[in-house]
Amino acid sequence: MEVTPEASAPQGRSRSLAEIGFATILVATSVAVITTASTYPAESAAYPVAIGIGMAVIGCWIALREILRRQRGNPMQGSFAEHAPRLAIGVAALVAYFAAVSLIGFILPSLALCVLLPAAVGFQRWRLSVVVAVVCVISILAIFVYALERPIPPDVLSPYLGRLK
Amino acid sequence: MIDALLHAVPLVFAPMNILAMFIGLIAGLIVGCLPGLTVVTGLAVLIPLTFGLDPMFALGMMAGMYNGGSYGGAIPAILMRVPGTPASVATVLDGYKMTQKGQAAYALQVALLSGVIGSVLSSISLILLSPPLVSFSLMFGPIEYFWLGILGLATVSSLLGDDLPKGLIACGIGLLIGAVGQDISNGTERFTFGQLDLLDGFSAIVLLTGLFAVPPVLQIVEEAVKTGMSGDKLKLHRQGSALSQWRFFTPVWIRSSIIGIIIGILPGAGGSMSSFLAYNEAKRVARNPETFGHGNPEGVAASECGNGADNAASLIPALALGIPGSGVAAVILGGLLVHGLRPGPQLFREHPDIVYGFMLQFLVTSLLLAIVGGLAATRIFGQVLRLPRIVLAPVILLFVTVGVYSVNNSLFDLWVLLGVGLIGYVLERLDYPSAPIVLGLLLGPMVESQLRLALTISGGKTTALLSTPIAVTLALLSAAILLTPAWRLWRERGKTPVVEGAAGR
């Protein structure tokens with residue numbers, strides 16, 4: 001984010017296909033909305049159908065605009081992902097984290113995420129990651145669970161936490 | 001108004017609420033000074049965490065975070081040439097040059113004092129201008145409220161991005177999400193697909209947290225910055241007093257504050273626009289404009305004062321009419337709704353102590369910023385800049401997870417958070433603005449219900465929607481705002497040769 005004249009989007013890379021693909025998904029979703037809403041009573045259907053029609057029209061507009069730009073040799077500049085492999089790691093980590101939280105609770109997946117996610121993208125200062133993970137999880141437990149008595153997802157370590165209270 | 005303000009004073013100065021303002025300021029300062037995280041992200045993380053707390057405590061933290069985050073962006077802008085927030089980009093121009101000349105501490109002092117003055121004047125404008133706007137809105141019925149909702153949606157969709165169709169799509173997504181759940185008028189379940197969790201619709205708090213807090217996490221992972229700032233840069237020592245030079249800075253502060261307040265009130269503007277306009281104006285009237293960009297403290301003062309001055313002012317239409325003028329105001333509006341406070345005349349009538357207390361909290365946090373943002377404090381809180389940014393990504397996610405889960409004790413909400421976050425990331429990458437989605441979710445149900453009410457009262461006559469002068473005015477304003485981008489494009493094409501694809505990134 002440093003302010004330099006070169007800080008603009010990378011030249012020569014285009015996110016044109018992503019633009020068209022996303023607009024197409026929007027149009028398909030809008031059609032599904034219209035179809036689904038049409039089965040509701042007229043009073044309840046009118047509002048979502050109107051929005052769906054509007055979105056479908058604008059989605060087509062965006063997709064067509066980008067297709068025309070491509071045909072004229074001026075597709076939308078800039079890449080969709082700055083670094084696709086790291087983005088994939090990030091998305092996978094998030095999905096794995098929420099799945100683990102659903103299965104075994106908050107504490108262990110959170111510790112693992114704080115240590116493993118930075119490591120997965122090349123951060124090798126393990127000691128710092130572990131300190132941040134432990135301080136962060138203990139702070140959250142101290143403030144939200146003990147001080148504010150707020151719930152955390154059901155945790156396999158809950159019996160031990162109960163004893164600490 | 002005076003009575004309500006006096007009633008709110010004990011609430012604002014209750015020890016716990018002062019603590020909340022301090023916590024909010026410090027958190028805002030930290031969020032603001034971390035490049036890649038904005039005030040909106042900070043608020044999106046904060047709001048679910050404050051769910052269930054006393055409203056004044058929660059609002060105090062929000063006010064603190066807004067003002068703290070606004071100044072926090074100046075710290076890396078001055079020390080590292082990296083703006084912490086988009087609004088501090090103009091501060092880089094002269095702030096970093098001052099650091100190169102060995103005047104970092106002085107530059108930070110000028111930025112702080114200017115930010116404080118801008119924020120204080122902005123808070124006073126919020127207190128003075130909101131009540132008259134509320135009195136005006138008392139003349140509104142269902143028809144006017146319908147058009148007011150449309151005006152808000154048109155404004156945010158049209159002005160908060162560079163591309164009107166994308167703004168409208170974002171708004172449509174928000175309106176559709178707002179339509180999920182049971183139709184209040186006849187009990188029809190819309191888009192619930194048999195899921196009990198969706199019967200009451202999507203939670204606004206989960207949606208805004210997913211949209212604004214998850215995409216920065218993915219962006220930090222993508223950038224994978226593995227080093228922090230050198231600790232030497234935080235060895236700051238006092239270098240003269242900006243306060244003692246008040247005669248020199250006063251004209252800049254007055255001009256920049258006026259610009260910031262006006263830009264703040266105007267829908268769709270604010271943030272970087274106010275700081276850049278204030279900077280340009282200071283440069284235009286300066287005796288030595290050529291010194292701007294080469295370490296002129298007036299440049300730092302103008303940018304930070306303009307930036308601070310649009311903070312509270314952007315809440316004037318949000319609090320009085322329920323129509324936010326900026327992305328931050330839209331998120332704060334969501335925060336108010338989470339605590340059962342619906343902005344508009346009803347809020348001023350039913351909870352005057354809270355609404356005036358919130359406005360006073362903006363004023364108090366503006367003043368407290370002078371303490372929390374001082375050099376000693378900057379040395380302490382600025383240490384966060386030494387942390388490699390990559391370790392912060394999971395930390396943000398942990399706080400978001402705890403906050404969102406505790407709203408409804410629901411694991412389903414965590415999956416919604418993830419889904420919305422991923423969609424939010426895609427939208428951000430393709431330059432679809434996120435604020436219209438939140439506004440669509442918040443205003444959609446109101447627009448639909450007021451439209452139905454208006455049509456029921458008029459016996460189904462659609463012409464009734466334009467039957468009052470206020471309704472016609474609001475409708476014309478909405479149309480004008482939606483046509484502005486097209487008109488601008490047409491004018492630009494008339495002036496310059498057409499360059500296809502120029503509207504892109």
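Predicted model: local features only at pLDDT ≥ 70, side-chain atom pairs only at ≥ 80, totals over all residues.
## Chain A and its domains

The secondary structure of chain A consists of six helices and zero strands, so that, read along the sequence, the chain follows the pattern α-α-α-α-α-α. Of its 165 residues, 32% count as buried. Among the contacts in chain A between residues at least 6 apart in sequence, 61% join residues that are at least 24 apart.

The domain assignment divides chain A into domain 1 (16-71) and domain 2 (84-164), and the C-alpha centres of these two domains lie 38 Å apart.

## The contact between chains A and B

The contact between the chains draws 65 residues from chain A and 54 residues from chain B. On the side of chain A that touches chain B, at least two residues each are supplied by helix H1 (16-37), helix H2 (42-71), helix H3 (84-104), helix H4 (107-120) and helix H5 (126-147) of chain A. H2(A) gives the most to this side, with twelve residues. By residue type, the side of chain A that touches chain B divides into 43 nonpolar, 13 polar and nine charged residues.

## Helix H3 of chain A

H3(A) has 21 residues and reaches 30 Å from its first C-alpha to its last, close to the 30 Å expected at 1.5 Å a residue. Its buried residues are Arg86(A), Ile89(A), Gly90(A), Ala93(A), Leu94(A), Tyr97(A), Phe98(A) and Val101(A). Seen down the axis of H3(A), these buried residues fall within an arc of 160°, and they therefore line one face of the helix. On the other side of H3(A), Ala84(A), Pro85(A) and Ala92(A) are exposed.

The cover over the buried residues of H3(A) comes from both chains, and includes H4 of chain A together with helix H10 (204-223), helix H19 (392-408) and helix H20 (411-429) of chain B. Just after H3(A), Gly105(A) takes a positive phi of about 100°.

## The largest nonpolar core

The largest nonpolar core holds 213 residues, of which Leu43(B), Met62(B), Ile78(B), Val331(B), Ile332(B), Ile396(B) and Val438(B) touch the most other members. The largest share of this core, 15 residues, comes from helix H7 (residues 104-137) of chain B. Domain 1 (16-71) and domain 2 (84-164) of chain A both give residues to the core, so it lies between them. In soluble globular proteins, nonpolar side chains tend to be buried together.

## Helix H15 of chain B

Two of the core residues named above, Val331(B) and Ile332(B), are also among the buried residues of H15(B). The twelve residues of helix H15 (residues 327-338) of chain B should span 16 Å at 1.5 Å a residue, and the end C-alpha atoms are 17 Å apart, which agrees. Eleven of the twelve residues of H15(B) are buried, so the helix is largely enclosed by the rest of the structure; among them are Gly327(B), Gly334(B), Gly335(B), Leu336(B) and Val338(B).

Leaving aside residues up to four places away in sequence, Ile332(B) touches Leu43(B), Met62(B), Leu315(B) and Ala318(B). Just after H15(B), Gly340(B) takes a positive phi of about 75°.

## Loop residues of chain B

Most residues other than glycine have a negative phi. Asn409(B), in the loop between H19 and H20 of chain B, has a positive phi near 50° although it is a residue other than glycine. With 12 C-beta neighbours inside 10 Å, Asn409(B) counts as exposed. Asp431(B), which lies in the loop between H20 and helix H21 (435-457) of chain B, has a positive phi of about 65° and is not a glycine either. Asp431(B) is partly exposed, with 18 other C-beta atoms within 10 Å.

Phe191(B) is found in the loop between strand E2 (189-190) and H10 of chain B, and with 19 C-beta neighbours inside 10 Å it counts as partly exposed. Not counting residues up to four places away in sequence, Phe191(B) touches Thr36(A), Ala179(B) and Val180(B). The C-alpha atoms of Phe191(B) and Gly181(B), ten residues apart along the chain, are separated by 6.6 Å.

Technical notes: Residues numbered from 1 in each chain as written. Chains lettered and ligands numbered in written order. Contact = placed C-beta atoms within 7 Å. Helix = DSSP H or I, 4+ residues; strand = E, 2+ residues; numbered from the N terminus. Nonpolar A, V, L, I, M, F, W, Y, C, P; charged D, E, K, R; others polar. Expected span 1.5 Å × (residues − 1). Buried ≥ 20, exposed ≤ 12 C-beta atoms within 10 Å, placed from the backbone. Arc of directions from axis to C-beta. Core = buried A, V, L, I, M, F, W, Y, C linked by C-beta atoms within 7 Å. Domains from an automatic or database assignment.
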